[in-house]
Amino acid sequence: MKNFPLTNEQLHKLIKKFPTPFHIYDERKIKNNLQRLKKAFEWVDFKEYFAVKATPNPKIVKIFADDGAGADCSSLPELLIAQKAGLQNKNIILTSNDTPLDEFEEALKIGAIINLDDISHLKFLAENARLPEILCFRYNPADISNEGNDIIGKPQEAKYGLTRKQIFQAYQSAKDMGVKHFGLHTMVASNELYTQIFLTTAEIMFNLAVEIKNKLNIELEFINLGGGIGIPYRPEQKPVDLETVGSGIKNLYENILVKNNLNPALAMESGRAMTGDAGWLVSTVRHLKNTYKNYVGLDSCMADLMRPAMYGAYHHITVADKENLPRDHIYDVTGSLCENNDKFAIDRELPKIEVGDILIIHDTGAHGHAMGFNYNGKLRHAELLIRENGEIEMIRRAETVEDYFSTLV
Ligand SMILES: *Cc1c(COP(=O)(O)O)cnc(C)c1O
């Protein structure tokens with residue numbers, strides 16, 4: 001059963017004030033998601049660095065900052081968003097790849113933790129800027145027996161991180177160059193619902209930390225297990241049991257790290273599991289079209305939500321005022337882009353749809369609005385936030401034609 005936080009009456013009232021389409025987020029649900037993650041790791045010094053790219057809005061990032069989380073950034077604008085949300089220095093991690101100098105410079109300026117994606121970046125950083133007191137390296141564990149993840153791919157094929165051989169060289173060089181404190185990072189899965197992947201990842205990372213200690217005499221201060229916790233986009237899927245993940249990782253922590261007199265802090269940089277199920281794209285039916293198939297044309301398009309077109313992703317759809325009607329019609333739900341993959345759903349069973357119906361596309365809180373683009377002259381739409389006290393705030397206005405033309409010379 002998929003939920004939406006407003007009653008139909010509240011929704012109709014809201015649409016009078018803020019016309020569709022818009023993404024709407026639920027602060028209460030976001031806070032609850034963060035609490036569940038923190039609870040799973042309450043046995044250890046743990047910090048969540050919210051992956052800003054999932055929902056890059058300062059008002060959203062501030063919800064995390066207010067509840068003790070940090071931010072994981074991968075660009076200069078994301079570093080600025082984190083600061084606008086009130087975060088500073090070690091509460092921000094820069095995890096970029098193919099990183100330009102200005103990102104490194106901004107991270108150094110604000111004292112953010114820098115997570116290097118390649119061994120060559122060590123020299124690049126030292127020669128073009130300076131090395132910080134603390135450095136982190138991203139490990140690409142080709143030893144993971146993962147059949148490959150649709151979004152990240154097989155580790156050997158993934159562009160991220162250092163190889164096993166390089167990781168030892170990198171820590172040794174950084175130590176020789178005067179770096180004092182170290183962290184270790186990886187991110188191998190995305191939208192993963194299978195618990196064992198997280199335990200396997202932790203085991204690989206913990207064993208590597210012990211090897212780093214034994215070979216290089218470096219004690220890591222923190223291990224960042226990345227993001228990638230999936231959410232059940234389909235109604236029949238089950239959420240990841242974070243308690244099982246937390247207690248499984250606790251066992252590994254004790255058996256591998258504590259046994260070897262290591263007790264690093266742990267971190268995650270979850271995005272989807274924090275905001276994914278706390279956001280909805282609300283859209284109105286503009287046209288119905290019956291040709292070789294039956295089409296429902298919305299006032300939003302893949303510029304508002306690219307996941308179905310990009311990954312063939314499923315997003316559940318409900319219809320306001322028609323939640324209890326039988327889903328006895330079959331439609332392709334489309335946008336207005338001149339691209340045939342601009343479809344939110346294909347052959348979807350829905351109740352009989354009429355022009356003017358309000359469709360609620362679920363689980364769009366992460367990597368939804370964020371992936372928006374202007375192809376075909378499409379303008380990105382607004383973002384609203386339902387505060388814990390029930391008030392609804394516009395946290396990003398819709399783009400206008402003037403915005404579109406503002407970069408043209
Ligand atoms: C995208 C990304 C995340 C967040 O991934 P989710 O699947 O949203 O949890 C975290 N860390 C890095 C480095 C990323 O690229």
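Author: Gladly, and let us settle a term to begin with: contact means heavy atoms within 4.5 Å. Helices (H or I, at least four residues) and strands (E, at least two) are DSSP runs, numbered from the N terminus. This is a predicted model, in which local features need pLDDT of at least 70, side-chain atom pairs count only at pLDDT 80 or more, and totals for chains, interfaces and linings use all residues. Residues are numbered from 1 along each chain as its sequence is written, and side-chain values use heavy atoms, with hydrogens and water left out.

Reader: How many helices and strands does the protein have?

Author: Both kinds of element are present in the protein. The count is 12 helices and 17 strands.

Reader: What radius of gyration does the protein have, next to that of a compact globule?

Author: The radius of gyration is taken over C-alpha atoms, and the globule rule is 2.2 Å times the number of residues to the power 0.38. With 409 residues, that rule gives a value near 22 Å, and the protein agrees with it, having 22 Å.

Reader: What share of the residues count as buried?

Author: Buried means under 20% relative accessible area, exposed over 50%, and partly exposed in between (1.4 Å probe, protein chains only). Of the 409 residues of the protein, the buried share is 56%.

Reader: Which residues of helix 4 are buried, and what do they pack against?

Author: The buried residues are E78, L79, I81 and A82. Seen down the axis of helix 4, they fall within an arc of 160° (taken from the directions from the helix axis to the C-beta atoms), so they line one face of the helix. The face turned away from that buried side carries the exposed residues P77 and K84. As for packing, the buried residues of helix 4 have as partners helix 3 (58-66), strand 3 (70-73), strand 4 and helix 5.

Reader: Which residue follows helix 5, and what is its phi?

Author: A glycine with positive phi comes just after helix 4 too: G86, at about 95°. Helix 5 is followed by G111, whose phi is positive, near 75°.

Reader: Is H121 buried or exposed, and which residues is it in contact with?

Author: H121 sits in helix 6 (residues 120-128). Its relative accessibility is 12%, so H121 counts as buried. Leaving aside neighbours within four places in sequence, H121 is in contact with D98, T99, F104 and L116.

Reader: How far apart in space are Q166 and S120?

Author: Q166 belongs to helix 7 (residues 164-176), and at 23% relative accessibility it counts as partly exposed. Q166 and S120 are 46 residues apart in sequence. From C-alpha to C-alpha, their separation in space is 9.9 Å.

Reader: Last stop: which residues does N376 touch?

Author: N376 is in the loop between strand 15 (358-361) and strand 16 (382-386), and with 34% relative accessibility it counts as partly exposed. Its C-alpha atom is separated by 7.2 Å from that of C338, 38 residues apart along the chain. Not counting residues up to four places away in sequence, N376 touches L337 and C338.
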